[in-house]
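Could you walk me through this protein model, one stop at a time? I'm new to reading structures, so please keep it plain.

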Amino acid sequence: MEIADVMKRAYAMPLTNPSFPPGPYRFFDREYVIITYRTTREALEAVVPAPLEIDEPLVKYEFIRMPDSTGFGDYTETGQVIPVRYKGQHGGYVHSMYLDDDAPIAGGRELWGFPKKLASPKIAHEGEVVVGTLHYGSVLCATGTMGYKHREADHDQVLASLAAPNFLIKIIPHVDGSPRICELVRYYLTDVTLKEAWTAPAALDLRPHVMADVAKLPVLDIVSAVHFTADLTLGLGEVVHDYLAGHGQSAASASQPEKARA
């Protein structure tokens, strides 16, 4: 394989057999259960990176069922999104994500910088209740329950929330372990078709786990819950802040003299 061939094919790893195809990535019948809860401002200040700013001390705990998506297939995901501002623009900071499929883990981390980890989330319809759970290995880390389609939700509000930007920290290490890329990334969901949306009472239980630390943003009280399905496209991202800019060469280069002396 010539150098030109490497450059032509090098959009993802492994070089000759990537874990995911090039986009765009379209999702059909994506099912959301989002429970918004109040937490402590101190907990949020410990995890929300500058230059993002905290709005209210709220967290959106999301369970998402994705039965049909181009490139990524059929999988389920769960995690926490924190309402934030960036230069006056309101959006959400994606703090944690746990899912059960290799391709979206690899693609999400490599392309956007999604904080994806392998786990076992589920959404189930149990009689009059929608149940979301997160297991990390054998340990139950999160349980969300919501009444099934009690009242129709405001479609304009749901669409507005889906149209808001989302923010991520993309980190790619250098070969010596120091940061090669450390960027604040913004992305949008586009071409959204909202099919149905419902609201109902909800409850959320988060439990401590060393590798799935959802409980570090404790639940003080439930603010709202929404259950909806939509078709949408996951748009690619843009870099809005480079944490390594202004530091001259990369942190990896700066560390070389010390390593040589050692």
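**A walk through the model**

Let's start with Asp 191, which counts as exposed because its relative accessibility is 56%, above the 50% cut-off for that label. Keep in mind that this is a predicted model. Asp 191 sits in strand S14, which covers residues 189-199. Its backbone is worth a look too: phi of Asp 191 is near 50 degrees, a positive value in a residue other than glycine.

How exposed is Asp 29? With a relative accessibility of 39%, Asp 29 counts as partly exposed, since that label covers the range between 20% and 50%.

While we're on the backbone, look for two cis peptide bonds. One runs from Met 13 to Pro 14, with omega near -10 degrees. Pro 14 belongs to the loop between helix H1 (3-9) and strand S1 (25-38). The other joins Ala 50 and Pro 51, with omega at about 10 degrees. You'll find Pro 51 in the loop between helix H2 (41-45) and strand S2 (53-54).

Now for the empty spaces. Rolling a probe the size of a water molecule over the atoms shows where empty space is left. The largest pocket holds about 970 Å³ of space. Its lining is made of 48 residues, and Ile 34, Lys 60, Glu 62, Ser 161 and Leu 162 are the ones nearest the centre. Which element gives the largest share of that lining? Strand S5 does, with eight residues. Several other elements supply at least two residues each, including S1, helix H3 (102-112) and strand S16 (221-234). Sorted by class, the lining of the largest pocket has 26 nonpolar, 14 polar and eight charged residues.

The second largest pocket has about 770 Å³ of space. Here 32 residues form the lining, with Arg 109, Gly 113, Phe 114, Ile 171 and Ile 172 nearest the centre. Two or more lining residues come from each of S6, H3, strand S7 (116-118) and strand S12 (166-173). The classes in this lining are 22 nonpolar, three polar and seven charged residues.

Strand S7 is also where you'll find Lys 116. An unreviewed UniProt entry places the feature "active site" at this lysine. Is Lys 116 buried or exposed? Lys 116 is buried, because its relative accessible area is 6%, under the 20% cut-off. Beyond its neighbours within four places in sequence, Lys 116 is in contact with several residues, among them Glu 77, Met 97 and Arg 109.

Last stop: the aromatic rings. The structure holds 10 aromatic pairs. In one of them, the rings of Phe 20 and Phe 72 have centres 6.4 Å apart and planes at 55 degrees, so the pair is tilted. This pair links distant parts of the chain, as Phe 20 and Phe 72 are 52 residues apart. Phe 20 counts as buried, at 2% relative accessibility, and Phe 72 counts as buried at 4%.

Tyr 32 and Phe 228 form a stacked pair, 4.5 Å centre to centre with 20 degrees between the planes. Tyr 32 lies in strand S1 and Phe 228 in strand S16, so the pair ties together parts that are 196 residues apart in sequence. Finally, ring pairs link Tyr 11, Phe 20, Tyr 25, Phe 72, Trp 112, Phe 114 and Tyr 187 into a cluster.

Technical notes. Residues are numbered from 1 along each chain as its sequence is written. This is a predicted model: local features need pLDDT of at least 70, side-chain atom pairs count only at pLDDT 80 or more; totals for chains, interfaces and linings use all residues. Side-chain values use heavy atoms; hydrogens and water are left out. Helices (H or I, at least four residues) and strands (E, at least two) are DSSP runs, numbered from the N terminus. Buried means under 20% relative accessible area, exposed over 50%, partly exposed in between (1.4 Å probe, protein chains only). On a 1 Å grid over the protein atoms alone, a cavity is a set of points where a 1.4 Å probe fits but cannot get out, and a pocket is an open set with protein on both sides within 12 Å along at least five of seven lines; lining residues have an atom within 4 Å of a point. Grid points are joined across faces, edges and corners, and a volume is the space filled by probe spheres set on the points. Ala, Val, Leu, Ile, Met, Phe, Trp, Tyr, Cys and Pro count as nonpolar, Asp, Glu, Lys and Arg as charged, and the others, Gly among them, as polar. UniProt positions are given in the numbering used here, feature names are shortened, and annotations may be inferred rather than shown by experiment. Contact means heavy atoms within 4.5 Å. Rings of Phe, Tyr and Trp (its six-membered ring) pair if their centres lie within 6.5 Å; planes under 30 degrees apart count as stacked, over 60 as edge-to-face and the rest as tilted.
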